[in-house]
Amino acid sequence: MKNYIKGMAVAAMMLLALASCRRESDTLHNYSYVDDLTWSLAQKSYGEKFKILWEGLNSNYAIWDYEKEHGLDWDEVYDKYYPKFVELDTLSTKRTIKDDELTALLKEVVGPLHDGHMNVKLYNHMTQKFVKVSPGDERNSTERKDDYYEAVVALSGVPREPDLTYYRKTQGKLKDYKSVNATGALQIRSVMDSLSVWANRILKATSQKTLPTEEELSDERTAKAILSGLNQLNGLSSNEAIINAVNDLAIKYSYLNINGVHELDAEMIENGIHITYALFEGNIAYLYFDSFELTPFLTTYQTSTESLKPYARQLAAEVADVWYSWFNAIQDLHNAGQLGGVIIDVRGNGGGMVSDYQYVLGALLPSGGQHVMDSRTKKGVGRYDYSPLVPQVMPTYEQPHVTVTEPIAVLANIRSVSMAEMTSMGATLVENAKLVGTRTWGGLCGLIGNEDYSFTYAGHIGVSGKTPVYVYCPCLAAFSRDGKILEGVGVTPDIEVHLDLGAWKSGNGPDSQLDRALQYITSGK
């Protein structure tokens with residue numbers, strides 16, 4: 001009996017010791033730097049990783065009251081899962097903790113959270129790899145499986161050209177069309193392909209010569225060196241490393257004057273964009289873009305200087321030409337009384353810059369901004385230390401422009417996130433506009449950079465790829481104007497319509513969601 005009582009006492013003390021580690025600090029711990037003091041223990045301990053994850057979210061997360069309404073007790077999460085992460089430390093002395101094992105446990109911890117932007121990375125020090133969990137991905141891929149599958153299939157391969165190709169081939173459907181694909185991956189691939197094409201052409205030509213000249217043999221050696229350099233790029237994972245390596249090749253072989261080979265601009269890569277303008281019959285002006293990254297291109301075009309790389313000036317001019325074609329068509333046709341309506345397509349758009357709003361829906365509205373939502377920020381280290389709600393006013397175009405009174409349709413789907421959702425919400429507040437498609441992702445809370453961490457009491461936890469814990473953690477909670485948080489829910493369309501995947505994938509049929517938007521524009525219903 002004594003041994004039993006003694007054992008119970010020891011167990012109770014252990015539980016108290018575990019619980020004592022869970023505490024709310026009255027000081028803000030800044031996780032935005034890489035320093036040994038903060039991260040040293042977490043480098044080799046799963047339990048310490050969990051503590052940083054729990055404590056960081058406890059002080060930084062923007063919607064704990066919303067999670068509480070949904071039945072989540074963050075203290076209970078600590079009490080339940082800290083021992084499980086400590087157990088991994090014990091097990092790691094006997095065997096390797098596998099990535100899928102760590103991922104499964106991390107999903108249990110953060111999977112219930114509703115923030116649609118959040119992603120969490122933990123470093124598995126035993127495999128030397130990061131595991132990643134996104135609560136939004138977990139929720140939408142399970143709770144909205146059909147919508148998720150529909151959008152993912154639509155985004156595979158070439159996401160837009162098959163559909164507009166159908167309209168371009170149909171007599172009279174399109175009166176004008178311009179498109180530029182300036183995505184970062186395409187910019188990188190374009191330079192690599194240009195180098196590869198030149199090198200393979202040289203090798204093929206030399207192989208057909210019985211007695212190649214010394215100059216031809218020199219070109220052959222150069223071609224082999226280029227292909228070797230390109231092959232080494234396969235081992236690089238970060239954009240920064242790839243850009244630097246491609247630029248090294250571009251500079252090294254600039255004397256060859258290979259068409260399409262130039263130095264890449266890091267900002268243009270980071271802010272790459274695919275943008276399309278079309279004018280449908282009935283003078284309906286259509287704009288598609290895959291990310292809210294218009295501002296850098298339009299600003300570069302408007303303030304272009306000789307200090308910019310030539311290709312950067314050219315790329316900015318090409319993107320600006322597409323946007324201005326859309327914008328000017330609206331101005332001219334409206335003033336002539338001939339504008340049928342406007343369609344803005346943010347399907348598959350992952351969001352980006354707030355300043356872009358003025359070039360999209362904001363280009364159709366009066367100057368002075370649009371009150372789209374209300375927001376609040378973290379204002380202290382306590383779990384529920386939030387600021388009062390303030391109006392979230394999105395920027396509208398300030399240069400002289402018409403206010404569009406004709407029908408407006410915004411196309412969205414489950415892969416419309418963040419600024420795409422702000423645009424979707426904005427459309428539901430405009431009398432002559434309708435949101436068409438399927439419910440959006442559910443990630444409207446705002447982000448900041450690490451540099452603003454101490455000012456807002458929120459920000460990224462850790463540094464991606466460098467610290468053993470990293471959380472992409474929004475600090476600004478967004479509320480609809482009637483006081484609802486839409487995280488994990490999204491914006492519901494005024495006109496719900498699903499995509500005809502068969503027609504979309506074939507490239508030979510119409511886009512059912514776009515057709516429904518066109519129907520609304522022409523019929524008003």
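Contact, as I use the word here, means heavy atoms within 4.5 Å.

**Setting up.** I am working with a predicted model, where local features need pLDDT of at least 70 and side-chain atom pairs count only at pLDDT 80 or more, while totals for chains, interfaces and linings use all residues. Residues are numbered from 1 along each chain as its sequence is written, and side-chain values use heavy atoms, with hydrogens and water left out.

**Alanine 433.** I looked up its neighbours, leaving out residues up to four places away in sequence, and found that alanine 433 touches Ile408, Ala427, Asp494 and Tyr520. Alanine 433 sits in strand 10 (residues 433-437); strands (E, at least two residues) and helices (H or I, at least four) are DSSP runs, numbered from the N terminus. Its relative accessibility is 4%, so alanine 433 counts as buried. Buried means under 20% relative accessible area, exposed over 50%, and partly exposed in between (1.4 Å probe, protein chains only). I also checked isoleucine 521: its C-alpha atom is 9.2 Å from that of alanine 433, though 88 residues separate the two along the chain.

**Threonine 276.** This residue belongs to strand 4 (residues 273-280). With 1% relative accessibility, threonine 276 is buried too. What does its side chain make a polar contact with? I found the side chain of serine 179, at 2.8 Å. (A polar contact is a pair of N or O atoms within 3.5 Å; within protein, one must be able to donate a hydrogen and the other to accept it, and residues adjacent in sequence count only if both atoms are side-chain atoms.)

**Helix 6.** I compared its length with the expected span, which is 1.5 Å times one less than the number of residues. The twelve residues of helix 6 (residues 99-110) should span 16 Å, and the end C-alpha atoms are 16 Å apart, which agrees. Next I listed the buried residues of helix 6: Leu102, Thr103, Leu105, Leu106, Val109 and Val110. Seen down the helix axis, they fall within an arc of 165°, so they line one face of helix 6. (The arc is that of the directions from the axis to the C-beta atoms.) Among the partners these buried residues pack against are helix 3 (46-60) and helix 5.

**Helix 5.** Here I noted a bend of about 30° at tyrosine 81, with proline 83 following within four residues. The bend is the angle between axes fitted to the seven residues ending there and the seven starting there.

**Whole protein.** I counted 19 helices and 13 strands. Of the 525 residues, 51% are buried.
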